[in-house]
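Work through the exercises below with the sequence and the coordinates at hand. Each task is followed by its solution in steps.

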Amino acid sequence: MLTIQSNVSLKSYNTFGIDATARYLVEVDNDEDIQTLLQLPDVQTFPKLILGGGSNLLLTQDFNGLVVKINIKGIQTVKEDQDNVWIRAGAGENWHEFVMYCVEKGLSGLENLSLIPGTVGAAPMQNIGAYGVEIKDTFERLEAVHILTGQKRIFTKEECRFGYRDSIFKNEVRGEYIISHVQFRLQKTPTFHVAYGDIQKTLDQMGIKELTIKAVSDAVIKIRRSKLPDPAEIGNAGSFFKNPEIPAAQYQTLKATFPEIPGYIINDETVKVPAGWLIEQCGWKGKRFGSIGVHARQALVLVNYGGGKGNDIRQLAEKIQLSVEEQFGIRLHTEVNFI
Ligand code: EPU
């Protein structure tokens, strides 16, 4: 049974904890619910916001339309061969709980993505990534429903056009599909990715002599807990901006003025610069403005201490963009979606 609620506070539906109101909200538990919903009179005429965990969202105003909260659950093993296990999960599964399920089953591929807030269905939309791994590395395919026609469609990995925090769902088919299930190919014999950042150092501190999937996951969780605010305690949406990719020549010029500037070589022409470093250099790190601010341990994260307004966070983001542009000539682009 579908229940459409009116005038619902979205505070508990977004990790920033912004108290905006949705004109209508409905929760869908399975494929049939989606079909029933799409056939209801008037549903096609409303603007729709498809919501997973609400962990990559900034609500700058009330939403005068229908919020569709995806609650589709279930995890199944689809098939298995000597090396791999294919797992299909409902879009409404909590991402971290799904990762823990795989870790406990001894399946490798997602352990570096432990503790990322959000849901399974939202993860491919922006090709979530952390500590040298992206979802595209284990992604096999997803099932989606076309909102206008109700038709089901499979998107293969190639069709998803994954890029850095990017996919077809943020571009060509933005807002056109509801993702219902995602399938992953996990490995029985692990391939460990421990070269990124502090992972090896953390494993050493933890006294880990022999690498396991669980140990890598534990190390990632430890690092994330030490740097990133827990949305259950302080409202936030993880990285607010993407790390900018700039021409190698521009990077060299900047390095002459700012010898400390970090950079990761993408290819001969492009270098990725950590936005957190740029923002920190502009003096924003740890700054608080009433109920909002810039996180003290990771300048890439904007926070709502409680009662903050989406528009105030947007304005703070714009000031940060302006100052980074003035000082470094680099335009920061947001990772978070604005509503
Ligand atoms: N840095 C600073 N000051 C800061 C933050 C970072 O100087 O306040 C510099 C340091 O040089 C540090 C470097 O930035 O060595 C990289 O920092 P970190 O490892 O924390 O990663 P990040 O580049 O800031 C990215 C992702 C995170 C992901 C981490 C770990 C983006 C936009 N963000 O952050 O993803 O967890 O790497 O892989 O790519 C998210 O997308 O929401 C997210 C949290």
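The model is predicted, and local features need pLDDT of at least 70, side-chain atom pairs pLDDT 80 or more, while totals for chains, interfaces and linings use all residues. Residues are numbered from 1 along each chain as its sequence is written, and side-chain values use heavy atoms, with hydrogens and water left out.

**Exercise 1.** Determine how the axes of helices H2 and H5 are oriented to each other, and list the residues in contact.

Step 1. Helices (H or I, at least four residues) and strands (E, at least two) are DSSP runs, numbered from the N terminus. H2 covers residues 95-104 and H5 residues 213-227.

Step 2. Axes are lines fitted to C-alpha atoms, for helices over the stretch in contact, with angles from 0 to 180 degrees between N-to-C directions. Here the two axes come within 10 Å and cross at roughly 155°.

Step 3. Angles over 145 degrees count as roughly antiparallel, under 35 as roughly parallel, 65 to 115 as roughly perpendicular and the rest as oblique. H2 and H5 are therefore roughly antiparallel.

Step 4. In contact (heavy atoms within 4.5 Å) are His96, Met100 and Val103 from H2, and Ile213, Lys214, Ser217 and Ile221 from H5.

**Exercise 2.** Find the sense in which S2 pairs with S1 and with S5.

Step 1. Two strands pair if DSSP finds at least two bridges between them.

Step 2. S1 (residues 4-9) and S2 (residues 21-28) run antiparallel and are joined by five bridges; Ser9 is opposite Thr21.

Step 3. Between S2 and S5 (residues 63-70) there are six bridges in the parallel sense, and Leu25 has Val67 as its bridge partner.

**Exercise 3.** Which residues around the ligand come nearest?

Step 1. Of the 24 residues around the ligand (a heavy atom within 4 Å), Tyr131, Tyr164, Ser239, Asn243 and Glu280 come nearest.

Step 2. A backbone N or O atom of Tyr131 is 2.6 Å from a ligand oxygen atom, and a polar side-chain atom of Tyr164 is 2.7 Å from a ligand oxygen atom.

Notes:
A polar contact is a pair of N or O atoms within 3.5 Å; within protein, one must be able to donate a hydrogen and the other to accept it, and residues adjacent in sequence count only if both atoms are side-chain atoms.
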